[in-house]
Structures are given as structure tokens and as C-alpha cells.
Amino acid sequence: MIRDITLGQYFPGNGILHRLDPRVKVLMLISVIVLIFCTFNFFALSVVVALVAASVIMSKVPLKLYLKSMKAIIIVILITSLLNLFYGTGEAIAQWWIFKITQAGIRNAVFVAVRIISLVMVSSVLTFTTSPTDLTDALERLMKPLGIFKVKTHEIAMMMTIALRFVPTLLEETDKIMSAQKARGADMESGNLIKRIKALVPILIPLFVSAFRRAYDLAMAMECRCYQGGKGRTRMKQLRMHGRDFAAVAVVAAVLAGVILCNIFL
Amino acid sequence: MSTLLRCDNLCFTYGKGTPFEKDAVKNVSLDIRKGEVIGVIGHTGSGKSTLMQMLNGLIKPTSGAVYLEDADINADKSKLRDVRFRVGLVFQYPENQLFEETVRKDISFGPRNMGLPEDAIKERVKRAAEFAGLKSELLDRSPFDLSGGEKRRAAIAGVIAMDPEILILDEPTAGLDPMGRDVLLSQIEAYHNARNNTVLLVSHSMEDIASIADRVLVMNKGECVMFDTTQSVFSRSAELEAMGLRVPQITKITTELRKRGVPLSEGILTVEQAFDEIRAILKKEGRI
């Protein structure tokens with residue numbers, strides 16, 4: 001059933017990473033991503049890999065879930081690695097027709113694979129340990145400086161929150177409409193592509209109608225409670241930095257310094 | 001009356017194998033005969049809707065089977081569509097499924113999926129609209145321009161147009177005004193009388209059930225706890241109340257009157273019935 005699709009990967013828990021300030025986590029993610037692509041030798045890369053592995057272990061999320069998110073991109077990793085393998089410059093180790101494998105090629109292939117895997121892993125750490133609402137809160141706060149360019153950060157964050165809030169609702173609605181049309185003999189599982197696209201019309205139209213109706217209702221309900229946008233609004237749950245947040249920042253900063261040193265001296 | 005639809009130890013578990021596992025329907029076995037009207041009552045979340053969706057193969061039972069005239073409906077997946085044409089299901093708030101440009105086109109969606117010829121479709125749409133009490137001038141309007149009650153009728157007509165042998169209505173009167181409820185209910189009754197098909201009516205209104213049903217199916221926590229004639233089900237008011245249900249108000253009143261010595265007959269289900277009996281008593285006593 002369509003309801004079984006999990007959207008948003010938040011895995012509830014109470015580990016240290018779950019309790020970190022979401023702003024810190026977002027900033028850490030960004031710096032680690034930058035780090036991943038700033039590693040130019042194996043020493044620097046292994047430092048980053050160690051950091052990523054440590055955060056995966058500390059997240060206390062079953063490894064199975066990480067592997068599941070890997071599964072989706074395994075093809076991408078394979079293709080990019082293969083391309084890199086054959087496009088290295090320098091002396092060939094093995095050659096067949098137009099394909100030649102060089103030492104630089106092997107090195108690039110390994111680098112690319114490790115980088116992509118680390119990237120997916122570390123992004124998963126964030127989405128597994130941070131609830132969608134915390135995430136949007138953090139993004140809203142982090143985007144605040146953009147306010148001087150007249151970017152409506154609160155409105156953007158509110159839109160994201162509402163969108164996330166209504167994903168399960170709309171999925172349930174889709175499920176219901178699909179059942180109702182199936183009960184009238186709608187056939188969605190057979191026929192060619194055009195026939196299948198046409199079969200979606202009886203589902204999409206009622207879905208849009210109900211989505212718009214929900215939007216109007218929600219807007220009305222928000223106005224009834226005097227919602228006027230971000231100006232002068234305070235939060236019920238204030239984000240506050242704790243000791244552990246500063247410690248996390250220090251760790252990432254140390255790794256950053258380590259990587260730079262590795263890049264320069266090794 | 002012969003058995004038309006038979007459920008054999010039906011079970012359904014939501015989210016099997018996940019931490020959110022929940023038994024929605026447990027070991028339900030029942031026989032539904034040709035031409036009867038069955039009222040289905042139960043607390044919210046008692047598994048009524050899940051059970052109804054298993055009857056036409058929209059939900060596949062976790063274990064157990066549904067037999068339509070002795071053929072297991074889930075045995076052959078390619079025949080499921082034919083089952084759905086024979087067992088018509090009107091969902092809760094069915095007006096949310098309307099999608100066509102005109103009411104006429106929307107009602108003909110079912111018959112067209114059945115592969116009927118154009119003139120047969122036309123005939124069926126006309127007849128279904130009549131049964132559902134939809135004025136013919138509304139047929140060429142957009143379904144989105146209709147009032148709430150008219151939309152509901154149009155959606156019900158969309159299922160009636162398939163001319164199902166068994167018509168299942170999941171809370172068809174929810175959210176309608178009192179007048180709309182009465183009219184819709186009497187229309188369902190008239191349709192049943194005219195076609196002599198089987199009707200299953202899920203409702204929270206005991207009055208609705210009492211006025212129309214031959215037998216009543218009571219669901220509680222996923223189990224079928226009672227399945228008997230309307231009179232005998234509503235004579236067990238203490239058990240029903242323990243399940244968060246109740247008997248029709250008029251049944252409650254007449255039972256109390258009987259206890260106080262008024263010679264009314266047992267198991268009065270409708271106001272009309274009570275009115276007739278009370279008048280007869282008063283006449284006999286020479287008070288009117």
C-alpha cells in the first residue's frame with residue numbers, strides 16, 4: 001500500500017547526535033561536505049572517513065538503515081567510478097581496445113567512490129537524527145541573515161513545515177481516492193504508457209481539488225488565530241546552544257585543521 | 001434465501017512485520033444472503049471499513065477468504081475487477097472521488113470501465129441518477145458546481161450505475177442535514193426494493209439502521225460480536241452500550257414503558273411503529 005512508503009527518514013532516538021542543536025548539525029553537515037571534496041590525498045581522506053564513521057556509530061541508528069539509503073545510489077557510484085577508472089592520465093597498467101587503466105585512474109575511482117559514500121552517509125546522519133520540524137527551524141534561523149536582502153525567511157520555513165506536515169495526509173488521501181476509483185473498476189495496473197497516464201486523471205483531479213480545499217481551510221484557520229507572518233513572532237521552543245554543541249563544533253574544526261595540514265604536509 | 005457472499009475466518013493486520021502492527025479485523029466469518037439489507041454498526045476503529053474493503057477485494061485479507069457464490073475472490077487477480085463490478089462499494093465521503101467535467105460523464109465512469117455499449121451506458125446513467133434522486137438537469141453540470149448533498153448523490157449514482165448485486169454504503173449519510181439523510185435513506189430503500197439486490201449499510205445512526213436493516217452486524221475491536229436480526233440485536237442494549245453503541249431512542253423508550261406495564265410489543269424499532277401501537281392502546285382504553 002502507498003501508506004507504507006516512509007517519507008522523511010527521521011529515526012527517533014535519544015543519542016548525543018539526536019540532542020545536538022539542529023543548527024549546529026546543519027552547519028556541521030555543510031562543513032563536512034566541503035571537507036569531503038577538499039581532500040587531496042589518502043591521509044586527508046581517511047581523517048574525513050573516520051569522522052563520518054564516528055558520527056554514524058554515534059547516531060545509534062541501525063546500520064541497516066544506512067545500507068538501505070546506500071542501495072538507491074549504488075548504480076551512481078559504480079558508473080562514476082568506472083568512468084574515472086578509464087579516464088586517468090599517465091602510463092597504462094592494463095589496456096584493452098580504447099580502455100586503458102592507469103594508476104591515476106584507479107586512484108580517482110577509489111576517491112570518487114569513497115567521497116560519494118561518505119557524502120550519503122553523513123547526510124543520512126543528519127536526516128536520521130533530526131526531525132523535519134527541527135530541521136526547518138534550523139534552516140529558518142540559519143537563513144535569517146538573508147533577511148537584509150528582503151528574503152522572507154520565515155515564510156519560506158513556514159512553507160517547508162506545512163509541506164512536510166501534509167505529505168502523509170496527502171498520501172493517505174491518494175490511497176483513499178485510488179481505492180474509490182478502483183471500486184468503480186479503474187484499471188491502473190495494465191495497458192501501455194499512454195493508457196496508464198490517462199488512468200491517473202481520475203486520481204489526480206480529486207487529489208488537486210482536495211489539496212486546494214485543504215490549503216484554503218488551513219489559511220483560514222491560521223488567519224483565525226491571527227497569523228500574520230514572521231514579524232514579531234516568538235518561538236515556543238527556543239533553540240539554545242549547549243556545551244555539547246560547542247564540543248561538536250570544536251571536533252569538526254579540529255578535523256578541518258587536520259585535513260588542511262594533511263593536504264599541505266603529506 | 002441463498003448465500004451470496006461468505007467470509008471465512010477473515011483477518012487483516014495493518015503494517016505486518018513493522019513495530020506499528022495492528023489487527024484491524026480478527027476471525028470474521030459470516031454469510032450474506034441474496035436480497036437482504038444488513039446494517040453494520042461499530043465504534044470508530046472497530047474494523048468496519050476494513051472489512052467492507054475486503055468484501056470487494058480492495059484489501060487482501062492477511063488470512064481467511066471471501067467467497068462470492070462459492071468462488072474465492074482473491075484466487076484470480078485478473079478477475080478482481082469483475083468482482084468489484086458485482087460488489088459495489090460507496091466509500092465514506094464519496095464526493096471526494098468526483099473528477100469528470102460533467103456529472104453524466106462521472107456517473108458513466110463505472111459502466112464504461114465495464115465495457116458496456118454506449119446506449120446501455122446512457123440508460124444506466126439515467127436510471128442511476130433517478131435512483132439517487134439526482135435531477136436530470138444537473139447531469140450536464142460540472143460536479144464541482146453542485147451542492148454538498150447533490151455531490152454525494154452523484155457519487156452514489158456512480159456506483160449504482162454499475163448495477164452491483166451487492167451494494168455496500170460506508171456511512172452514506174455522514175455530514176448531511178437531517179432532511180438530506182431521510183431522503184437519501186428512503187432512496188436507498190426504494191432502490192433496494194426495485195432491484196432486490198443486497199445492501200450493506202454502515203452507519204453510526206441506530207435510527208437509520210433500525211428503519212432499513214433486516215439483520216445487523218456488530219463489530220467491536222475487529223471482531224464480529226453479533227450478527228442477528230435487527231430486533232434481537234437491539235434487544236441487547238446493555239451489551240451494545242458497553243461497546244460504546246446504543247439502541248434507537250424509540251426502542252429505549254418503549255422498553256422502559258413495557259417495564260412500567262404498558263402493553264407494547266417487544267423490540268419496537270421505529271417511531272411509526274411505536275406511534276401506531278400507542279394509538280391502538282389509547283383507543284382501546286377509550287382515551288382518544
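This is a predicted model: local features need pLDDT of at least 70, side-chain atom pairs count only at pLDDT 80 or more; totals for chains, interfaces and linings use all residues.
How many residues from chain B and from chain A does the contact take? The contact, meaning heavy atoms within 4.5 Å, takes 21 residues from chain B and 19 residues from chain A. The size of an interface is often given as the accessible area lost when the parts come together. Here chain B and chain A bury about 1700 Å² between them, where buried area is the accessible area (1.4 Å probe) that two parts lose on being put together, summed over both. Carbon and sulfur atoms carry 61% of that buried area. On the side of chain B, the residues B:N96, B:Q97 and B:F99 supply 31% of the area that chain B buries against chain A, more than any other three residues.

Residues are numbered from 1 along each chain as its sequence is written, and chains are lettered from A and ligands numbered from 1 in the order in which they are written.

Chain A comes next. Eleven helices and two strands were assigned to chain A, helices (H or I, at least four residues) and strands (E, at least two) being DSSP runs numbered from the N terminus. Their order along the sequence of chain A is α-α-α-α-α-β-β-α-α-α-α-α-α. The radius of gyration of chain A is 24 Å, whereas a compact globule of 266 residues would have one near 18 Å; this radius is taken over C-alpha atoms, and the globule rule is 2.2 Å times the number of residues to the power 0.38. Along the principal axes, the C-alpha atoms of chain A fill a box of roughly 65 × 55 × 40 Å. Of the 266 residues in chain A, 34% are buried, with buried meaning under 20% relative accessible area, exposed over 50%, and partly exposed in between (1.4 Å probe, protein chains only). Among the contacts in chain A with a separation of 6 or more, 74% are between residues 24 or more positions apart.

The accessible surface of chain A comes to about 16900 Å², and carbon and sulfur atoms account for 70% of this surface. Such areas come from the Shrake-Rupley method with a 1.4 Å probe, and for residues only the protein chains shown count as cover. Chain A also has 31 positive and 15 negative side chains, the centres of the two sets lying 4 Å apart. In this count Lys and Arg are positive and Asp and Glu negative, with His and the chain ends not counted; each charge is placed at NZ of Lys, CZ of Arg, CG of Asp or CD of Glu.

A:V252 is found in helix 11 (residues 243-265) and counts as buried because its relative accessibility is 7%. Beyond neighbours within four places in sequence, A:V252 is in contact with A:M28 and A:S31. A:V252 and A:V34 are 218 residues apart in sequence, with their C-alpha atoms 12 Å apart in space.

Chain B holds twelve helices and ten strands. Buried residues make up 49% of chain B. The accessible surface of chain B is about 13700 Å², with 49% belonging to carbon and sulfur atoms. The 39 positive and 42 negative charges of chain B have mean positions 1 Å apart.

Where does B:L10 lie in chain B? B:L10 is part of strand 1 (residues 3-14) and is buried, with a relative accessible area of 0%. The contacts of B:L10 beyond four places in sequence include B:V25, B:L51, B:M54 and B:V66. B:E95, in the loop between strand 6 (87-90) and helix 3 (103-107), counts as buried because its relative accessibility is 16%.

Note on methods. Side-chain values use heavy atoms; hydrogens and water are left out.
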